[in-house]
Amino acid sequence: MTDKGGELELLSVLVDDEASDLEVRQIFGELEANHLLREKWSRYQLVSEVLRTGRVSLPGLDVSEKVNYKLEQTTKTALHPVWSVAIAASVTIAVVLAGQQFLMPPPIADAHKLVSDLGGEVVPVSGAEPVLAKFDKNLGSILNAPELTSPKTSDVYKGITRARLKLFGSQHAAVAALTSPTPFIAVARTHQSPGDKEVSN
Amino acid sequence: MNSESDKALIKRAQKGDLGAFDLLVLKYQGRIGALISRYVSNDADAEDVTQECFIKAFRAIGSFRGDSAFYTWLYRIGANAAKNHLVACKRRPHADATIEDVDLRESNYALIEISNPESLAMGNQLARAVAEAMEKLPSELKSALTLREFEGLSYDDIATVLGCPVGTVRSRIFRARETIDEKIKEHFGVMGGGYDR
């Protein structure tokens, strides 16, 4: 032990609480560096107790290390809330983003196959996805009703359909020429599922 | 007169200085441990309650105003900690002592403690060694230390009584303590160790 007289005298003065603020700072600096000063402090206190009371209480008891350890742990935990809040916020953001990704519909890998395999381009529209169009089963049963599928009735409806298609087509071409470079689509095609009954045109 | 003033240490501890509080623990752990031992007979439990007392004290030290001696304030925390432990264990305090009966006067802190023979023997040996060393001190050193420890006078007052500068008082008290400390180290070697009952 390298006992410096000045340090020990300061320790003795601290025992009597007679140290100035500067001396207190000095001795605490020394205490941090020299653990033996702490033991010296303990012995000074024992001597003081014996002189004042004639006895000493439980000289073998030492809870100081455990108390110091627990208080240090508490202090470290108290400093952590700043980091805990930051981590919690990051986790929350990550969960929210992951949840949004989970709830969003999957992107359509290849839109063309859903619309037609007969040729022609599908013009992609941002935010929209191709919809597989087919007749509702019930509607199909109505359209296949005998009174509608008889040759006479069928011919009439075919005629009406052709005329309307021609009319709508010319109207669309006129508008498209003025507003859009998109090629005019002469016919509308739909994907026909194997189970669907063909609707004659 | 209360010769135990811990203002400098308390002030630092109130600012969160664990080193300062550590010195307070070293100073009072024996007495608080002895108090708690009166109510908590189990060795391990008594040590745990003593630790708990000091931990609570650190957390509450901001509320210590200095109206009473720090030891008195600490004593109340220790007594409550012992009481709470007994309540938790659903045991009644010893019939011959209740916490309310405890006299908090400074001179009465030396309670009849329930301790093991080894601890008592160590304490008696230490007391004898200190008394012998004190007797062998040079008169000027003995006078200064006596006025400080037995009479509780401040350095200024001791300087007035002895007719010497305050610096001389400081030096004499320090040299007296060092002389006694050397005798103690011869007797016991390294102080401290476990709490064995």
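Predicted model: local features only at pLDDT ≥ 70, side-chain atom pairs only at ≥ 80, totals over all residues.
Colleague: What is the count of salt bridges between chain A and chain B?

Modeller: A salt bridge requires a side-chain nitrogen of Lys or Arg within 4 Å of a carboxyl oxygen of Asp or Glu. Between chain A and chain B, the count of salt bridges is 10.

Colleague: How many residue pairs are in polar contact across the interface of chain A and chain B?

Modeller: The cut-off for a polar contact is a pair of N or O atoms within 3.5 Å. With both residues at pLDDT 80 or more, the number of residue pairs in polar contact across the interface of chain A and chain B is 21.

Colleague: Which helix of chain A gives the largest share of the side that touches chain B?

Modeller: Helix 1 (5-15), helix 2 (21-33), helix 3 (35-53) and helix 4 (64-79) of chain A each supply at least two residues of the side that touches chain B. The largest share is 15 residues, and it comes from helix 3 of chain A.

Colleague: How much area do chain A and chain B bury between them?

Modeller: The contact takes 51 residues from chain A and 66 residues from chain B. In chain A, the residues that lose the most area to chain B are A:Leu51, A:Arg52 and A:Leu58, together 13% of what that side buries. Carbon and sulfur atoms carry 61% of the area buried between the chains, which is about 5500 Å².

Colleague: A:Leu58 is on that list; what is its phi?

Modeller: A:Leu58 lies in the loop between helix 3 and helix 4 of chain A. A:Leu58 has a relative accessible area of 3% and therefore counts as buried, the limit being under 20%. Most residues other than glycine have a negative phi. A:Leu58 is not a glycine, yet its phi is positive, at about 40°.

Colleague: Is A:Asp17 buried or exposed?

Modeller: A:Asp17 is found in the loop between helix 1 and helix 2 of chain A. A:Asp17 is not a glycine either, and its phi is positive, near 55°. The relative accessible area of A:Asp17 is 17%, and the limit is under 20%, so A:Asp17 is buried.

Colleague: What share of the residues of chain A counts as buried?

Modeller: The secondary structure of chain A comes to 9 helices and 0 strands. Among its contacts with a separation of 6 or more, 49% are between residues 24 or more positions apart. Chain A has 201 residues, and the share that counts as buried is 24%.

Colleague: Which residues is B:Phe70 in contact with, leaving aside its neighbours within four places in sequence?

Modeller: With the neighbours within four places left aside, the contacts of B:Phe70 are B:Asp6, B:Ile10, B:Leu24, B:Tyr28, B:Ile61 and B:Phe64.

Colleague: Which residues does B:Gly78 touch, not counting residues up to four places away in sequence?

Modeller: B:Gly78 sits in helix 4 (residues 70-88) of chain B, and with a relative accessible area of 0% it is buried. The C-alpha atoms of B:Gly78 and B:Phe54 are separated by 8.0 Å, and the two are 24 residues apart along the chain. Not counting residues up to four places away, B:Gly78 touches B:Leu35, B:Ile36 and B:Cys53.

Colleague: Which backbone oxygen does the side chain of B:Thr50 reach?

Modeller: B:Thr50 is in helix 3 (residues 43-60) of chain B and is buried, at 1% relative accessibility. Residues touched by B:Thr50 include A:Leu61 and A:Val63 as well as B:Gln29 and B:Ile32. At 2.7 Å, the side chain of B:Thr50 reaches the backbone oxygen of B:Ala46.

Colleague: How many disulfides does the structure hold over all chains?

Modeller: B:Cys53 is buried, with a relative accessible area of 0%. B:Cys164 is also buried, with a relative accessible area of 14%. A disulfide needs a pair of cysteine sulfur atoms within 2.5 Å, and the number of disulfides over all chains is 0.

How values were computed. Residues numbered from 1 in each chain as written. Chains lettered and ligands numbered in written order. Heavy atoms only, no water. Buried < 20%, exposed > 50% of the residue type's maximum accessible area, 1.4 Å probe, protein only. Contact = heavy atoms within 4.5 Å. Buried area = accessible area lost by both parts, 1.4 Å probe. Polar contact = N/O pair within 3.5 Å; in protein donor to acceptor, adjacent residues only side chain to side chain. Helix = DSSP H or I, 4+ residues; strand = E, 2+ residues; numbered from the N terminus.
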